[in-house]
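Here is a short report on one protein chain.

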Amino acid sequence: MANLEEMREFTRHWRAFCAEDDHLSNLCGRVPVDTSKLSESDCRHDLFSAPASIAYCDEAFASVLAGVLTGANVSVTPADALWGWWLEDEDWQAYASTKDMLAGRTQKLDEIAAIDAERREALDADDAYREAAGAVETYRASNAEDAAMRAELARRLENLADATESHAKQQKDIASSLVLHLVAAGAVTLVCGVALWSLSPDALDVSTRVVLTVLVALVCALVALRVPQGLAAAVRRRGRLADERDRLKRALADVDARVALRAEELKVRAQEADARKTELEEPFLSPRTKLIEECAHIERDIIDALDDDLAKRDAAYAAGTLAELPFDEAYRSAQEREWALLGSWMGEYLVRLPHEIEHTLNARASEEVWLESHDPFGKRWWELSPKVLKVMEDGNVRDSDAALEIVLQDQEHRAE
């Protein structure tokens, strides 16, 4: 049995015992993280949520527990340690402070997205803007089609010139094959000449024979050189190329004319659309600009906090480096360094963990010894000590036994 002051002292020691017991359970449930197994992409994210490639130092942790708890007169139920338990440590307080900042930044970004959604709804609901913007899109689509058509026509016109050059080269390449035709023509001319000069002098005079021989030679040469066919083909080809060139030039002129006619109307409609858009967006600009500025301020605070943390704990980091980078790049770079720091910290944690557990075991055992030596009503009721104390402080009960009886009766009534 204990009086009020004794019960207060007992309850204080009971709470200290519970605190040490909880701390011991936490130590036995906080498995260190193995950051060496993390992927590069996971290292770019923050430490506030478990990455997909996470692994734990299970074997090393189990070995520490086995070595420290062996022979200890204690039954420990390991706590279910939540991810990020190390953020409660003093070393990680600066980093942990960025979590609320990130939440604030996310809220600002959500508000900006909501304003943008309202702005789009306002634009979509306005008939005048939709008509002007639709006309602009139609004109621009038509211009794009005409641009593609003009490029195709220009390509075909250029190919005509290439085809002319190619044909001339081809004619040059086949010139060597005409040698045989010329030889054959020479043979025919020789035969005809021999036949003409074999005739009787009375039949043809000398001048006529010469003229006929020259004509035969000329005809044979022309035939051998395919001059008649070439002239006819050249005339036809030249005509076709000229017609095609004229047609393509007319088509190009038509395209340019359409684009020119459309340009002024496109300019007018684009001005109408821009003016109406500016008018509709005006109510959203001020709140959106304010949110963007607030978001930028939060981002600076986040980077400043990470910069200070790294400058204090990372010997390889030069203070101010993150401030020179855009936020996203700076944030990713900081997270990579923080993960590296966590890896080192976990190694150190495993080293000091046995001493921490031993210290907690001793403190817990010391409190338990004190409780046993000052036990007012039996160990089975120790957990009711705060309720017993409250009854004694609130009522006229002067001893712990009477207060315990009241607490037990109250529990029975609640159970019913």
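## Helices H10 and H11

Helix H10 (residues 385-394) packs against helix H11 (residues 400-415) at an angle of about 110°, and their axes lie 9 Å apart. Axes here are lines fitted to C-alpha atoms, for helices over the stretch in contact, with angles from 0 to 180 degrees between N-to-C directions. H10 and H11 are therefore roughly perpendicular to each other. The cut-offs are these: under 35 degrees is roughly parallel, over 145 roughly antiparallel, 65 to 115 roughly perpendicular, and the rest oblique. The crossing of H10 and H11 is right-handed. Right-handed means that the near helix is turned clockwise from the far one by less than a right angle; left-handed means anticlockwise.

Which residues of H10 and H11 meet? From H10 come Lys387, Val388, Val391 and Met392. From H11 come Ser400, Ala403, Leu404, Ile406, Val407 and Gln411. By class, this contact has seven nonpolar, two polar and one charged residues. Nonpolar covers Ala, Val, Leu, Ile, Met, Phe, Trp, Tyr, Cys and Pro; charged covers Asp, Glu, Lys and Arg; the others, Gly among them, are polar. A contact means heavy atoms within 4.5 Å.

## The model and the whole chain

This is a predicted model: local features need pLDDT of at least 70, side-chain atom pairs count only at pLDDT 80 or more, and totals for chains, interfaces and linings use all residues. Residues are numbered from 1 along each chain as its sequence is written, and side-chain values use heavy atoms, with hydrogens and water left out.

The protein chain has 11 helices and zero strands. Helices (H or I, at least four residues) and strands (E, at least two) are DSSP runs, numbered from the N terminus. Of the 416 residues in the chain, 30% are buried. Buried means under 20% relative accessible area, exposed over 50%, and partly exposed in between (1.4 Å probe, protein chains only). The accessible surface comes to about 25,800 Å², and 55% of it belongs to carbon and sulfur atoms. These areas come from the Shrake-Rupley method with a 1.4 Å probe; for residues, only the protein chains shown count as cover. Take the contacts between residues at least 6 apart in sequence: 79% join residues at least 24 apart.

## Helix H9 and its partners

H9 (residues 327-373) packs with helix H2 (residues 58-69). Their axes come within 10 Å and cross at roughly 35°. The crossing of H2 and H9 is right-handed. Ala60, Phe61, Val64, Leu65, Val68 and Leu69 in H2 meet Leu350, Leu353, Pro354, Ile357, Glu358 and Leu361 in H9. The residues of this contact divide into 11 nonpolar, no polar and one charged.

H9 also packs with helix H1 (residues 4-27), their axes coming within 9 Å and crossing at roughly 155°. That makes H1 roughly antiparallel to H9. The crossing of H1 and H9 is left-handed. Among the H1 residues that meet H9 are Phe10, Trp14, Phe17 and Leu24. On the H9 side, the residues include Tyr349, Leu353, Ile357, Leu361 and Trp370. By class, the contact of H1 with H9 has 13 nonpolar, three polar and seven charged residues.

## Two residues of H2

Val64 sits in helix H2. Is Val64 buried or exposed? At 15% relative accessibility, Val64 counts as buried. Leaving out residues up to four places away in sequence, Val64 touches Leu350, Leu353 and Pro354. Val64 and Leu353 are 289 residues apart in sequence, but their C-alpha atoms are 7.6 Å apart in space.

Phe61 is also in helix H2. Phe61 is buried, with a relative accessible area of 6%. Leaving out residues up to four places away in sequence, Phe61 touches Leu27, Cys28, Gly29, Arg30, Val31, Pro32, Leu350 and Leu353. Phe61 and Arg30 are 31 residues apart along the chain, with 8.9 Å between their C-alpha atoms.

## A loop residue

Tyr56 lies in the loop between H1 and H2. Tyr56 is partly exposed, with a relative accessible area of 36%. Leaving out residues up to four places away in sequence, Tyr56 touches Val31, Pro32, Val33, Asp34 and Trp83. Tyr56 and Lys37 are 19 residues apart along the chain, and their C-alpha atoms are separated by 8.9 Å.
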